[in-house]
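Look at the structure below.

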Amino acid sequence: MKAEFGPDAPETRQVIRMAERNPDIRTELHVIRGSTRTLTEVYLLGPTGGVSSEPFEELPAVEKVIRIRERYRTIGRHEGQAEALGFEYNGVHFSQDSFYLFPGVCAIDTRENLELTFRALKAAGISTTRAGAYKPRTSPYDFQGHGAKCLPFAFELAGKYGIRVIAMEVTSEQHVDEIRDALAAAGNPTGVMLQIGTRNAQNFELLKSVGSQQELPVLFKRGMGITLEESLNAVEYVASAGNHRIVFGLRGMKTNLGDPHRNFVDFAHVPVVKRLTRLPVGVDPSHSVGRRTVGPDGLLDIFHVTAQGVIGGANMVLVDVHPKPERALCDGPQALLLEELPAFREDVGIARRAYEERRKRRQT
């Protein structure tokens with residue numbers, strides 16, 4: 001629909017009535033709120049092959065009619081479809097053009113370590129981070145995170161050090177409620193982006209649950225052992241449930257072909273996902289590489305892998321940092337030292353400027 005015709009407009013209802021006159025056709029109404037524009041889209045579902053687009057194209061309130069063939073219809077950037085709008089959350093703008101670093105602790109272990117990390121982020125001018133309260137682990141005997149009991153001091157410290165968005169993994173609907181309650185109890189000093197980790201990439205009930213709430217945006221991590229198309233269809237569960245504020249995260253694939261890295265790095269898919277969808281795309285070099293290995297040039301593998309994603313157009317970089325990696329309760333071997341953060345940020349800046357220069361040359 002044209003921008004001035006919202007979901008409750010008589011003209012929108014007219015489109016729905018016209019569509020449902022066709023046999024076995026049902027409709028879905030989606031409102032996609034971007035940072036500068038809100039789109040109302042009417043989806044026709046069912047045997048649409050025999051439905052002519054011309055009657056809809058003739059309606060003055062209709063901006064565009066698109067016949068979608070891909071299965072991920074809500075997140076897809078289909079031929080002739082509207083631009084990727086992006087979204088605003090807690091004062092931070094996310095889009096396919098934006099760029100943010102999300103350094104932080106993989107798992108919150110102590111208040112002291114979290115405060116040292118947030119203090120270092122503030123000193124570096126960074127207001128977005130990662131911090132895990134709930135940690136699904138391969139072994140039932142590994143540290144699973146402190147859960148809801150660490151949320152009050154995590155949110156208090158985030159407010160103290162100007163953290164605006166925390167990417168925080170959830171593994172059940174209960175975790176979403178606990179995060180919302182803790183944020184409200186703390187006076188909403190920060191914001192949380194709900195992370196769906198790779199182990200829950202096809203937990204369809206969880207995907208529908210985080211999609212049915214629209215208060216908190218969602219970071220979806222690609223499934224470690226499924227195809228890109230399967231992961232995109234999983235994201236469709238979130239969007240089709242109503243939440244369109246989604247970032248798609250690449251974090252490496254589980255295959256021995258990636259040895260000696262922890263996972264096979266899939267950052268070449270950054271421009272692919274941006275081409276296929278309207279979503280911002282993030283990369284997680286820490287979980288791809290898995291260790292602080294230094295190359296013969298003196299640069300960490302994590303620096304090199306990050307640059308690969310950033311120069312390909314990534315909009316977000318999640319990276320593990322920790323004040324004392326040797327004592328970290330989760331993924332310490334891959335965490336950067338706090339004193340390495342300024343060098344990492346500078347290295348990322350070089351790659352980002354290179355990407356922007358490449359894009360500028362292509363556009364001219």
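A residue counts as buried when its relative accessible area is under 20%. The model is predicted.

**What helix 6 hides**

Start with helix 6, residues 204-212. Its buried residues are Leu206, Leu207, Ser209, Val210 and Gly211. What covers them? The cover includes two helices, helix 5 (173-185) and helix 7 (228-240). It also includes strand 8 (191-196) and strand 9 (218-221).

**Helix 6 against helix 7**

The axes of helix 6 and helix 7 come within 6 Å. They cross at roughly 40°. Helix 6 and helix 7 are therefore oblique to each other. Their crossing is right-handed. On the helix 6 side, the contact uses Phe204, Leu207, Lys208, Val210 and Gly211. On the helix 7 side, Ala234, Tyr237 and Val238 meet them. By class, the residues of this contact are six nonpolar, one polar and one charged.

An α-helix has 3.6 residues a turn, so residues three or four places apart point the same way.

**Helix 3 against helix 4**

Now move to helix 3 (residues 111-123) and helix 4 (residues 151-160). Their axes lie 10 Å apart, and the packing angle is about 25°. Angles under 35 degrees count as roughly parallel. Helix 3 and helix 4 are therefore roughly parallel to each other. Helix 3 passes helix 4 in a right-handed crossing. Helix 3 brings Arg111, Leu114, Glu115, Phe118 and Lys122 to the contact. Helix 4 brings Phe153, Ala154, Glu156, Leu157, Ala158 and Lys160. The classes here are six nonpolar, no polar and five charged residues.

How many disulfides does a search of the whole structure find? The count is zero. A disulfide needs the two sulfur atoms within 2.5 Å. For cysteine 330, the nearest cysteine sulfur is that of cysteine 106. Both residues are listed here.

| Cysteine | Relative accessible area | Closest cysteine sulfur |
|---|---|---|
| Cysteine 330 | 7%, buried | cysteine 106, 3.5 Å |

Notes
Residues numbered from 1 in each chain as written. Predicted model: local features only at pLDDT ≥ 70, side-chain atom pairs only at ≥ 80, totals over all residues. Heavy atoms only, no water. Axes fitted to C-alpha atoms, helices over the stretch in contact; angles between N-to-C directions. Helix = DSSP H or I, 4+ residues; strand = E, 2+ residues; numbered from the N terminus. Parallel < 35°, antiparallel > 145°, perpendicular 65-115°, else oblique. Left-handed = near helix turned anticlockwise from the far one by under 90°. Contact = heavy atoms within 4.5 Å. Nonpolar A, V, L, I, M, F, W, Y, C, P; charged D, E, K, R; others polar. Buried < 20%, exposed > 50% of the residue type's maximum accessible area, 1.4 Å probe, protein only.
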